[in-house]
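Subject: Structure handover

Hello,

Here is the structure we talked about passing on. My notes follow below it.

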Amino acid sequence: MEPIAGDKLRGHLETLILATLERGEAHGLEILHRLEVRGCGLLRLKEGSLYPALYRLESAGEVAAVWEDEQHGRRGARRRIYRLTAKGGKRLKQARGEFTQFVSVVGGILGTAT
Amino acid sequence: MNEPLPPELAAVVRRLVRSLAVVPRRKATIEEELVAHLAEAYAEELERHGSARDARQAVLARFGDAEELTTQLQAAVSRPEQLIASWLGHAEVLMSKWWMAIVAAVLVVCIAIFRDDPQFFVGALAMLGGVAFVRSCQISPWLRVNWPWFASAWAIATGPAVILPAAALVRKNGDWAQAAPPMVLGALIVLAGFAVFGWALFVRRTPSQQTVE
């Protein structure tokens with residue numbers, strides 16, 4: 001199967017982030033790892049592009065972030081831990097509904113390869 | 001335990017963040033978060049490749065184009081914040097330490113020459129205090145973050161001190177012509193104080209709220 005590049009994810013990245021955070025709070029790299037695992041290694045996302053999406057979600061109040069308490073054996077810069085808010089949960093539910101409808105309609109038109 | 005971030009990778013983040021038009025708190029947040037991300041990614045790649053050079057290249061490839069990321073990060077910031085940040089950026093350039101030294105020297109000379117004129121003396125002394133405060137904010141990281149609280153408190157306290165004597169003059173003589181300029185000036189100072197206070201609250205609500213230690 002062909003890998004899915006970042007530009008094909010445009011418009012879906014924020015929803016994907018919300019879905020990964022539904023499984024529990026996480027820092028940036030952990031979110032990327034979750035996306036990789038759930039995307040069966042087929043999502044090719046440039047890691048830096050995660051952060052603008054996280055900041056947009058944070059500004060919209062759909063995720064909340066705090067700095068990690070301690071270094072947990074790490075040195076240097078701290079990580080920010082993101083969690084899904086109630087507003088983010090609502091948006092995720094809505095986006096799931098829209099996407100299911102999209103797949104159903106477009107999939108119905110495209111049909112299966114013969 | 002994380003490997004320390006190689007200077008080349010830290011420099012990528014620094015360059016990227018420097019060019020962003022965002023308030024200083026957010027800039028610090030983005031920088032620390034990206035540095036933490038790269039440090040962790042570097043540790044992963046170092047374990048995978050064994051060579052520091054290969055690990056660096058792999059991290060940069062994973063991270064993506066820094067210029068593109070700058071554009072994306074800038075777009076993720078609200079327009080008002082971008083305007084404030086660009087205004088602050090200009091202010092920083094205009095109020096360099098040399099300009100402040102010149103202004104302070106002129107004020108000191110003025111204070112020495114007009115020391116017998118109490119109004120002028122106090123005014124120049126206040127301006128000198130203002131210059132010293134601005135310079136302290138540039139030097140102290142703590143003041144650099146917290147200066148709006150002091151500036152707004154000063155303005156909100158000083159404004160009435162200008163307005164009230166003028167109001168007393170109106171009450172006594174009904175002389176609006178003489179009282180109007182100080183009353184307007186005092187009102188402007190108070191308004192500026194509230195504006196700075198509002199701005200400080202706005203900045204505090206940005207994602208870097210918990211960055212100050």
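A residue counts as buried when its relative accessible area is under 20%, as exposed when that area is over 50%, and as partly exposed in between. The model is predicted. By the burial cut-off, 34% of the 213 residues in chain B are buried.

Chain B first. Its secondary structure consists of nine helices and zero strands, so the order of elements from the N terminus is α-α-α-α-α-α-α-α-α. Helix α1 (residues 7-18) and helix α2 (residues 24-49) of chain B have axes that come within 10 Å and cross at roughly 155°. An angle over 145 degrees counts as roughly antiparallel, and α1(B) and α2(B) are therefore roughly antiparallel to each other. The crossing of α1(B) past α2(B) is right-handed.

Next, the charged pairs. Side chains of opposite charge can pair when their charged atoms come close. Over all chains, the count is 16 salt bridges.

One of them links the two chains: the side chains of E47(A) and R62(B) meet at 2.6 Å, N to O. E47(A) sits in the loop between β2 (43-44) and α3 (50-59) of chain A, while R62(B) belongs to helix α3 (residues 52-63) of chain B. Both of these residues, E47(A) and R62(B), are buried.

R62(B) also forms a salt bridge with E44(B), where the closest N and O atoms are 3.1 Å apart. E44(B) is in helix α2 of chain B and R62(B) in helix α3 of chain B, so this pair ties together parts that are 18 residues apart in sequence. Of the two, E44(B) is partly exposed at a relative accessible area of 24%, and R62(B) is buried at 16%. Through shared partners, salt bridges join E47(A), E44(B), E45(B), R48(B) and R62(B) into one network.

A further salt bridge lies within chain A, between the side chains of R34(A) and E30(A) (3.2 Å, N to O). Both residues are in helix α2 (residues 28-38) of chain A, four residues apart, which is about one turn of the helix. R34(A) is buried, with a relative accessible area of 15%, whereas E30(A) is partly exposed at 28%.

Last, the surface of chain A. F99(A), F102(A), V103(A), V105(A), V106(A), I109(A) and L110(A) make a nonpolar surface patch of about 700 Å². Among them, V106(A) is found in helix α4 (residues 86-110) of chain A. Patch residues need over 30% relative accessible area; V106(A) has 31% and is partly exposed.

Regards

Note on methods. Residues numbered from 1 in each chain as written. Chains lettered and ligands numbered in written order. Predicted model: local features only at pLDDT ≥ 70, side-chain atom pairs only at ≥ 80, totals over all residues. Heavy atoms only, no water. Patch = residues over 30% accessible without salt bridge, like charges linked within 9 Å, V, L, I, M, F, W, Y side chains within 5 Å. Areas by Shrake-Rupley, 256 points an atom, 1.4 Å probe, with all protein chains shown as cover. Salt bridge = Lys/Arg side-chain N within 4 Å of Asp/Glu carboxyl O. Helix = DSSP H or I, 4+ residues; strand = E, 2+ residues; numbered from the N terminus. Buried < 20%, exposed > 50% of the residue type's maximum accessible area, 1.4 Å probe, protein only. Axes fitted to C-alpha atoms, helices over the stretch in contact; angles between N-to-C directions. Parallel < 35°, antiparallel > 145°, perpendicular 65-115°, else oblique. Left-handed = near helix turned anticlockwise from the far one by under 90°.
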